[in-house]
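Reader: Can you walk me through the aromatic rings in this one? Keep it short, please.

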Amino acid sequence: MEKSKRRKPLIIEGARQVGKTWLMKEFGNQAYTDTVYINFDSNSQMAELFASDLDANRIITGMELYASHKINPDGTLLIFDEVQEVPRALTSLKYFYENAPQYHIICAGSLLGIALHEGTSFPVGKVDFLKLYPLSFSEFLTANGKEQFAELLKKAGF
């Protein structure tokens, strides 16, 4: 975990079904004592939380009520999945960066979907991006313990 007080929220970009959600949850499980996972595609209650002002402290309080426990800034990873579905949640990342940088936030969603929401204030310079690509067939073989097949493909020029 980066200990910087000025860390930026992270947005993972990538095509559908490349493992963004799995990666965020797995990272949370391995690097944090707690995670709060919010899928904006299927959670109108959380969408409403972002509908009024974007005060980070008010939003954290709402997420604590949703999660039924206190959010520890140093030990909790906040995961916003399908963030393009709630443009104000995307905009809130700017305020988390500026006013509450102690919270660790990671998001995923389609940037094509994000770009389609006109009038949304995108937090340019206030977030970091990570592009997640699908595995190549050779990487898939290696990940499944079939290195010898991956080597054969490499020797054959594939």
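Predicted model: local features only at pLDDT ≥ 70, side-chain atom pairs only at ≥ 80, totals over all residues.

Reader: How many aromatic pairs does the structure hold?

Author: The structure holds 6 aromatic pairs. Take phenylalanine 40 and phenylalanine 50. Their ring centres are 5.5 Å apart and their planes are at 80°, so this pair is edge-to-face.

Reader: Where do phenylalanine 40 and phenylalanine 50 sit in the chain?

Author: Phenylalanine 40 is in the loop between strand S2 (34-39) and helix H2 (44-49). Phenylalanine 50 is in the loop between H2 and helix H3 (56-67). They are 10 residues apart, and the pair links distant parts of the chain.

Reader: Buried or exposed, those two?

Author: Both phenylalanine 40 and phenylalanine 50 are buried.

Reader: And why is the pair of phenylalanine 40 and phenylalanine 80 called edge-to-face?

Author: Their planes are at 80°, and the cut-off for edge-to-face is over 60 degrees, so the pair counts as edge-to-face. The ring centres lie 5.5 Å apart. Phenylalanine 80 is in strand S3 (residues 76-81), 40 residues from phenylalanine 40. Phenylalanine 80 is buried too, like phenylalanine 40.

Reader: New topic. What lies over the face of tyrosine 37?

Author: Lysine 25 does, at 4.2 Å from the ring centre.

Reader: OK, now the surface. Which residues make the nonpolar patch?

Author: Leu135, Phe137 and Phe140 make it. The patch covers about 340 Å².

Reader: Why does phenylalanine 137 count as exposed?

Author: Its relative accessibility is 53%, and exposed means over 50%, so phenylalanine 137 qualifies. Phenylalanine 137 is in helix H6 (residues 137-143).

Definitions and conventions: Residues numbered from 1 in each chain as written. Heavy atoms only, no water. Phe/Tyr/Trp six-rings, centres within 6.5 Å; stacked < 30°, edge-to-face > 60°. Helix = DSSP H or I, 4+ residues; strand = E, 2+ residues; numbered from the N terminus. Buried < 20%, exposed > 50% of the residue type's maximum accessible area, 1.4 Å probe, protein only. Lys NZ or Arg CZ within 6 Å of the ring centre and 35° of its normal. Patch = residues over 30% accessible without salt bridge, like charges linked within 9 Å, V, L, I, M, F, W, Y side chains within 5 Å. Areas by Shrake-Rupley, 256 points an atom, 1.4 Å probe, with all protein chains shown as cover. Salt bridge = Lys/Arg side-chain N within 4 Å of Asp/Glu carboxyl O.
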